[in-house]
Amino acid sequence: MDIVWALCVLAGALSSSQAMISSQATAQDPSPREEKIAAVDLELFGVSDPNEESRERVVDEIPAALTSEVSPPPRRASFGNRDLSWLQNLEMPDIPIRWDERVVRYLEFFRDDPRGHSFIRAWMQRKVRYGSMIRKVLRELELPEDLLYVAMVESGFDPTAQSSAGAAGMWQFIESTGAEYGLTRDHWIDERLDPLKATRSGARYLTMLEQRFGSWELAFAAYNMGFGALLRSIRKYNTNDYWLLSRIEAGLPFETSVYVARIMACAIVGRNLHRFGLEDLPAEQPAGWTYIDVPGGISLRRLARTAELEPDVLNALNPELRRQQTPRNHDRYRLRIPLEARDRFVVRWNRQPRQQSTRSYQVRFGERLSHIATRFRTTARSLRQLNELEDDQDVGVGTVLLVPAVDPSELPGEVPNVAVPETRFSYPERTRIFYRIAAGDTLSEIAGFFRVSIDDLRRWNHVSQEAHLQKGMIMQLFVSRDVDLTQALVLTDDEVTTMVLGSEEFFNFHEQRQGRTRIRYTVRAGDTLSEIAERFGIDLRSLTRINRISHADSLQIGQELIVYVK
């Protein structure tokens, strides 16, 4: 069993921590990662079930090592004959410490086992980068600074850590609780991955838990197992003593008891690096970055070029940006940039041509880049450049584009005339709409978006399943009222005129638009096609095409012909 590897998994996010921050967490089958964590605990502590032998795992007396005085190591049969004199005169953290067997086991593992030593060194090295920032937030909120070890155990100080249960960031918030504590997650950003904002939210959440339960031990347990689950355990056993709950049968999940012990052990190591062979680690450094305000919708690649940095540098400093660009729904965005690059960036940015004022626009079904460009009085090429799109890159429905900040031109004011089948359709629970075909549209795409069948589309319109739909055709659809029509470019009944294909109204309307009158002529004795064509000033080929006859056909007295007259 590679304990170091498995324990490092803990740095990502414990499975029980994934449901933390949620009093409604539900039990799930263990993942392979959870099974590896359980195997580590089994090897370290000898049992995976707290119902066995757990009553001997807590020391009743707290040694004077909690103070500056010299004292003997903890004494209890459960510690066996191990030499724990090295625990004397430790500098103690500012969170409560109990000499629980699990705490001592972790300390021994970190100090004496090469694998455990490698593991804690990796964590402490990461603390160098973020420790100073976290301590500053905790001081501002008048909280114990060693609460930062909650983040160490949750994520190993990795702001991009993700769990299979949906927890994310250095403090492993699930989305709902992140939102409750002020962390936005949308198409553009996930503030759970923002080290500073997530730290403030994590500190606020821990504060609430400590105020609610009255002890940091219970607060840690609630952070791990969930507020509601801990509350139910307290009520069931009628005790608010964390240490009693941690050793009573089914009082707390085993992983919660080792989670709390792990936080305490890490805090002790952090205060006593020399005792664990970590004195060579550099001191915590203040954050080496600062903020600059930049427009929304600018790619990190472009910003990095301006600052003469690699894009990965800005990606690492701004992990909350999900699309490698500043949010297009923000006019301005506070971007982190290396401190040493700030002046260089400002100078180069101010030298650039003044940026065109832009706004965001969400693409609807049926829109193409050329159509959007026309509406916003620009060109498709300019839109591609503005949005850093490749020449062959499509923009699908829901894509958010930057467009010039001008009032969009309205669609042509002329009311479209739509030819529909003779059959009348009635669907009381549906809404009739009309959709203008865009280049490249297919029946399956249209049916899928509007949640109708292809057979219905064909029945409601004169279309073939095999032939290509042509740009400019207009289809009538009857859609469910729960279809979000704001996401599509559609017309309503009031915005079109419908006429039955092949009706008198249909033909008269179209000929009037051409400046012609459609009349019915009855053939008389002696009439020929050429004489009729000449009489009404119509081309002979047009006359035969309109009436679907050949110029060689014989006319019959009383036969009716359609003639378009100017």
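Predicted model: local features only at pLDDT ≥ 70, side-chain atom pairs only at ≥ 80, totals over all residues.
First, the overall picture. The chain has 566 residues, and 48% of them count as buried. It holds 22 helices and eleven strands.

Next, the helix pair. Two packed helices are described by the angle between their axes and the distance between the axes. Take α8, residues 195-213, and α9, residues 216-225. Their axes lie 8 Å apart, at an angle of about 125°. α8 and α9 are therefore oblique to each other. The crossing of α8 and α9 is right-handed.

Who meets whom? From α8 come Gly202, Tyr205, Leu206, Leu209, Glu210 and Phe213. From α9 come Trp216, Leu218, Ala219, Phe220, Ala222 and Tyr223. By class, that contact has ten nonpolar residues, one polar and one charged.

Last, Phe376. Where is Phe376 found? In the loop between α16, 369-375, and α17, 380-386. Is Phe376 buried or exposed? Its relative accessibility is 1%, and the cut-off for buried is under 20%, so Phe376 counts as buried.

What does Phe376 touch, leaving out residues up to four places away in sequence? Arg359, Tyr361, Val403, Pro404, Val406 and Pro408. Look at Pro404 in particular. Phe376 and Pro404 are 28 residues apart in sequence. In space, their C-alpha atoms are 6.4 Å apart.

How values were computed:
Residues numbered from 1 in each chain as written. Heavy atoms only, no water. Axes fitted to C-alpha atoms, helices over the stretch in contact; angles between N-to-C directions. Helix = DSSP H or I, 4+ residues; strand = E, 2+ residues; numbered from the N terminus. Parallel < 35°, antiparallel > 145°, perpendicular 65-115°, else oblique. Left-handed = near helix turned anticlockwise from the far one by under 90°. Contact = heavy atoms within 4.5 Å. Nonpolar A, V, L, I, M, F, W, Y, C, P; charged D, E, K, R; others polar. Buried < 20%, exposed > 50% of the residue type's maximum accessible area, 1.4 Å probe, protein only.
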